[in-house]
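Keep the sentences brisk and start with a single residue.

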Amino acid sequence: MIVIQNAGPSSPARIRRPVLKRTVWGVLLALMVLIYGSHAPLLTLTKVDGHVPFSASSCVVMIELLKLLISLVTLVSTGGTSALLAAPSLARVAPYAAPAVLYALNNNLVVVMQAYMDPSSYQVLSNLKIASTALLYSLCLGKRLRPSQWLAVGLLVSAGVCHSYSSLDAGDPARAEDGPGLHVTAWGLFLVLVYCCVSGLAAVYTERVLKGQKLPLSLQNLYLYGFGVAVNGVSSSLSFVAGEKGFLEGYSGVVWAVIAGQAANGLLMSVVLKHGSGITRLFVISCSMLVNALLSWAVLGLQLTPFFLLPVSMIGLAAFMYYR
């Protein structure tokens with residue numbers, strides 16, 4: 001009798017399953033890159049006379065609120081009503097408060113740093129958060145990276161710096177004469193380091209919490225974004241008291257598109273942190289810089305230079321070295 005190995009109705013299914021999984025991940029990551037990359041061009045389209053007409057703090061609250069509502073609908077639609085009605089223990093819920101506080105701190109640091117450096121310097125130096133996230137990922141989660149993977153992370157940082165440098169105002173002599181030159185104070189450098197560490201810590205801590213608790217992701221998102229709405233709601237209220245714009249003042253269709261995109265991106269990122277890794281998040285952010293440049297060229301008419309090909313090549317080489 002001739003026996004044919006690995007034959008049977010289950011074999012095609014076993015072959016299709018990994019292919020389907022890779023396809024789903026590919027679509028998810030491509031969507032995240034597109035949303036990340038379109039964020040800055042969309043914000044530019046919202047400007048009126050060169051200024052953003054809405055309150056940034058209220059926009060963050062609306063993003064967190066939309067993520068909370070989508071998580072609630074997802075939990076109910078997947079049969080998680082019992083988990084929703086059961087009173088959670090403080091030990092289960094409390095860890096989700098830390099990411100909300102860290103992300104709120106980071107949002108405020110971005111604003112404070114602008115007083116101690118020019119926007120172009122911030123754009124370049126903020127790429128250091130790629131290195132800080134990778135370092136904290138290795139230290140806090142115990143994930144040992146190979147030397148080639150560390151080199152790949154270094155290439156991502158370099159690609160970010162190259163991309164940022166290519167768009168500096170200093171590259172345009174006419175604009176350089178009209179405005180102040182590049183400047184960074186010692187206090188500004190300190191704040192950049194704090195910002196990069198907080199950014200990395202927020203991502204790594206969130207990943208640890210999501211993977212550490214065996215709960216449905218929609219329920220975890222409910223806890224996470226519940227705290228997000230509360231923390232950012234307090235911040236928005238303080239801004240309103242300080243005399244800033246009204247809560248929904250200046251909102252347009254493009255602003256709502258920004259809110260919807262960032263909410264979707266936050267939910268997709270939680271999937272990556274739950275089932276993937278924070279390093280994948282870094283590649284998404286790096287690739288989004290390229291999408292940002294292409295959309296700025298296509299929609300806003302900004303010029304691309306041959307220098308643009310350098311960060312593209314560096315990110316491609318980094319991905320090859322890290323995942324080979």
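## A residue in helix H13

Leu 294 has a relative accessible area of 42%, so Leu 294 counts as partly exposed. This leucine sits in helix H13. The model is a predicted one. Leaving out residues up to four places away in sequence, Leu 294 touches Leu 304 and Phe 308. Leu 294 and Pro 41 are 253 residues apart along the chain. Their C-alpha atoms are separated by 9.9 Å.

## The whole chain

How many helices and how many strands does the protein chain have? There are 14 helices and zero strands. The protein chain has 324 residues, and 41% of them count as buried. Now take the contacts between residues at least 6 apart in sequence. Of these, 87% join residues at least 24 apart.

## Two helix pairs

Next come two pairs of helices. Helix H13 covers residues 278-299, and helix H14 covers residues 309-323. Their axes come within 10 Å. The axes cross at roughly 160 degrees. Angles over 145 degrees count as roughly antiparallel, so H13 and H14 are roughly antiparallel to each other. Their crossing is left-handed.

Which residues of H13 and H14 make the contact? H13 brings Ile 279, Thr 280, Phe 283, Ser 286, Cys 287, Met 289 and Leu 290. H14 brings Pro 311, Val 312, Ile 315, Ala 318, Ala 319, Tyr 322 and Tyr 323. By class, this contact has 12 nonpolar, two polar and no charged residues.

The second pair is H2 and H12. H2 spans residues 56-77, and H12 spans residues 253-275. The axes of H2 and H12 come within 9 Å. They cross at roughly 50 degrees, and H2 and H12 are therefore oblique to each other. The crossing of H2 past H12 is right-handed.

On the H2 side, the residues that meet H12 are Cys 59, Met 62, Ile 63, Leu 66, Lys 67, Ile 70 and Ser 71. On the H12 side they are Trp 256, Ile 259, Ala 260, Gln 262, Ala 263, Gly 266 and Leu 267. By class, the contact of H2 with H12 has 10 nonpolar, three polar and one charged residues.

## Salt bridges

Side chains of opposite charge can pair when their charged atoms come close. How many salt bridges does the count give? The count comes to two. Here they are.

| Salt bridge | N to O distance |
|---|---|
| Lys 67 and Glu 64 | 2.9 Å |
| Lys 211 and Glu 207 | 2.8 Å |

Lys 67 also belongs to the contact of H2 with H12.

## Two more residues

His 39 lies in helix H1, which covers residues 10-46. Why does His 39 count as partly exposed? The reason is its 26% relative accessibility, because partly exposed lies between under 20% for buried and over 50% for exposed. Leaving aside neighbours within four places in sequence, His 39 is in contact with Val 258 and Gln 262. His 39 and Gln 262 are 223 residues apart in sequence. In space they are 7.8 Å apart, C-alpha to C-alpha. Gln 262 is also one of the H12 residues that meet H2.

Gln 149 has its place in helix H8, residues 147-166. Its relative accessible area is 8%, so Gln 149 is buried. Not counting residues up to four places away in sequence, Gln 149 touches Arg 144 and Tyr 322. Tyr 322 is also one of the H14 residues in the contact with H13.

Note on methods. Residues are numbered from 1 along each chain as its sequence is written. This is a predicted model: local features need pLDDT of at least 70, side-chain atom pairs count only at pLDDT 80 or more; totals for chains, interfaces and linings use all residues. Side-chain values use heavy atoms; hydrogens and water are left out. A salt bridge is a side-chain nitrogen of Lys or Arg within 4 Å of a carboxyl oxygen of Asp or Glu. Helices (H or I, at least four residues) and strands (E, at least two) are DSSP runs, numbered from the N terminus. Axes are lines fitted to C-alpha atoms, for helices over the stretch in contact, and angles run from 0 to 180 degrees between N-to-C directions. Angles under 35 degrees count as roughly parallel, over 145 as roughly antiparallel, 65 to 115 as roughly perpendicular and the rest as oblique. A crossing is left-handed if the near helix is turned anticlockwise from the far one by less than a right angle, and right-handed if clockwise. Contact means heavy atoms within 4.5 Å. Ala, Val, Leu, Ile, Met, Phe, Trp, Tyr, Cys and Pro count as nonpolar, Asp, Glu, Lys and Arg as charged, and the others, Gly among them, as polar. Buried means under 20% relative accessible area, exposed over 50%, partly exposed in between (1.4 Å probe, protein chains only).
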